[in-house]
Amino acid sequence: MKKQFKSESKKLLDLMINSIYTNKEIFLRELISNSSDALDKLYYNSLTNQDIKIKKADLKINIEINDKNKILIIEDNGIGMDKTELENNLGTIAKSGSLAFKNENKDKKIDIIGQFGVGFYSAFMVSKKITVESKKVNSDKSYIWSSEGVDGYTIKESDKKENGTKISLFLKDDTEDYKYSDFIDLNKIKELVKKYSDYIRYPIVMNKETLNSMTPIWKKSKVSDEEYNEYYTNKYYDYEKPLKVIKTSAEGLCSYKSLLFIPSHAPFDYYTKDYEKGLSLYSSGVLIMDKCKDLLPDYLSFVKGVVDTEDISLNISREMLQQDKTLKLIEKNIDNKVRKELLSMLQNNKEEYIKFFKAFGPQIKFGIYNNFGIDKDKLKDLLIFYSSKAKDYISLKEYIDNIDEKQDKIYYCSGESIEKIDSLPLVERVKEKGYDILYLIDMVDEFAINALNSYENKQFQNITDSNLDLDSEEEKKKNNKINEDNKELLNSMKEILNIDEVKFTNKLKNHPVCITSKGNVSIEMEKVLNAMPTEEKIQAQIVLEINENHPIKNKLEELFNNNKEEFNKYSKILYSEARLIEGLPIDNPTEISNLICDIISK
Ligand code: ADP
């Protein structure tokens, strides 16, 4: 007689049968993990119950393929189930928690399956019919449970001789969308066992071959660098060995082992939204989740690896996992540990660190200004920039350590490349004064610097900011006077050019002009912000500075007094020059080139 599933189970079953979830293969992990539990139970019972006699070495999980009839068989010699247990365990869902969760998240049902699996029922994703033949240890009867899905199941007596459970999956027929017959392919099964169940502590045997290694690499005591590297390259499909392997082990408040890797280059999709961060989360050797996001802060999203803890239940739901205290604690530890390792790499192996920073520096910088700078203090010491003095990358700490105590600013300049910044007129002057300048060549650098605002009480100072002040009192006086005397001229130029300010400067050595900016948005930031696909365009407040010691000053004065038309042309040409040096576009190139031609053909 056919019996009905309990209504909740029916719903879940329905979900499984009609699942469009693509990662159906996880059913194998679920069944193997159930078998492993059954072997554990038998083993522990044998320790206390004299009547149960087993040899631990005999305990195993057997996989068999019947390719003619497309049946995949998973069998264990564990504790087994009696009739009531078959009925209760397979007719109902024990995990009411995960079902409640599922009901609340109907739309996201596919995701739940992917993240956790729902135990035995997940096998219905790939099977049109399932039989479970089981004999409870020390019982003289055995039973076979059979079901083709939602319309119920039957239980009959059977003649199984050995204790344990044998699950036969009658695979669904292949469709255009899914090749169910993959699961009668030996190599596919081997691959899946390796992928999901390698660390199950009992042998998983197919055709006399044991498929799993049984000891996870992070639990082994003596592992060579080559072994770690090989594990990494195989597991994460990387052609290059990791830059750093970090092994941790914690006991106490929460106990876990972790094996972490810092890749030596950014994966091709790292800076796209397709990239998923996360560490594999194991609970006692069983993979719970391939990419557990909650174990890594965003700024360390490049870290790969594994966390294995016994303090998290295998059946935990996604929602509960996010709130799980143990997980939070582990995340915190990992965060600290990785940052400590990076800092030590920066101090002891600069070359390696530069390689790291070239790959993942932008992520660290993002971490500094993300969330209103909440993590900036954790990350600021991981920053490195090219220094004009060292002609190499240095940290902010190194900058501070090498300057005169009286210097109260950290000078920086942004641009497209080290060479371009190096040739900027203003750079020459600041260098001449003996100051070290940090060259910011990454788009996001200035955002990070702005979020930091200062480092060890020294303010960051953009040398292309118009308020850059390097003058002695005497120099200032002289410059003020020149500007005062030429007020009308400068105002007139400002009107002609329609910019925020024009002034004479003594900042430039040999160059005639340069552009600086006032206020919060620098010229480099304007470039970056306007490269983003937003409607609103942002403009820096532009200041044209003219070298007060350059012959062009006299020329301008002369024209302003005698020939306004020429003065107009000169103003435009000078401003365009300054824009060109900054790498900024010119609004009216034809007009400017005509103006130049006008003048040179005179
Ligand atoms: P879970 O394993 O998370 O409890 P499942 O739906 O996978 O949920 O299994 C339900 C129950 O069926 C298990 O708790 C276990 O008692 C029993 N069970 C499943 N597979 C086996 C097996 N191979 N041997 C013995 N008992 C099993």
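Strands E18 and E19, the latter covering residues 458-462, pair in the antiparallel sense over two bridges; pairing here requires that DSSP finds at least two bridges between two strands. Within this pair, Ser454 stands opposite Gln459 of E19. Helices (H or I, at least four residues) and strands (E, at least two) are DSSP runs, numbered from the N terminus.

This is a predicted model, in which local features need pLDDT of at least 70 and side-chain atom pairs count only at pLDDT 80 or more, while totals for chains, interfaces and linings use all residues. Residues are numbered from 1 along each chain as its sequence is written, and side-chain values use heavy atoms, with hydrogens and water left out.

The two strands belong to an open sheet of six, with mixed pairing and the order E15-E14-E17-E16-E19-E18. Its edge strands, E15 (392-395) and E18 (454-455), each pair on one side only.

I turn now to the ligand.

For Thr165, a nitrogen atom of the ligand is 3.2 Å from a side-chain N or O atom. Taken alone, the ligand exposes 530 Å², of which the protein buries 83%, with areas from the Shrake-Rupley method and a 1.4 Å probe.

Terms used. A polar contact is a pair of N or O atoms within 3.5 Å; within protein, one must be able to donate a hydrogen and the other to accept it, and residues adjacent in sequence count only if both atoms are side-chain atoms.
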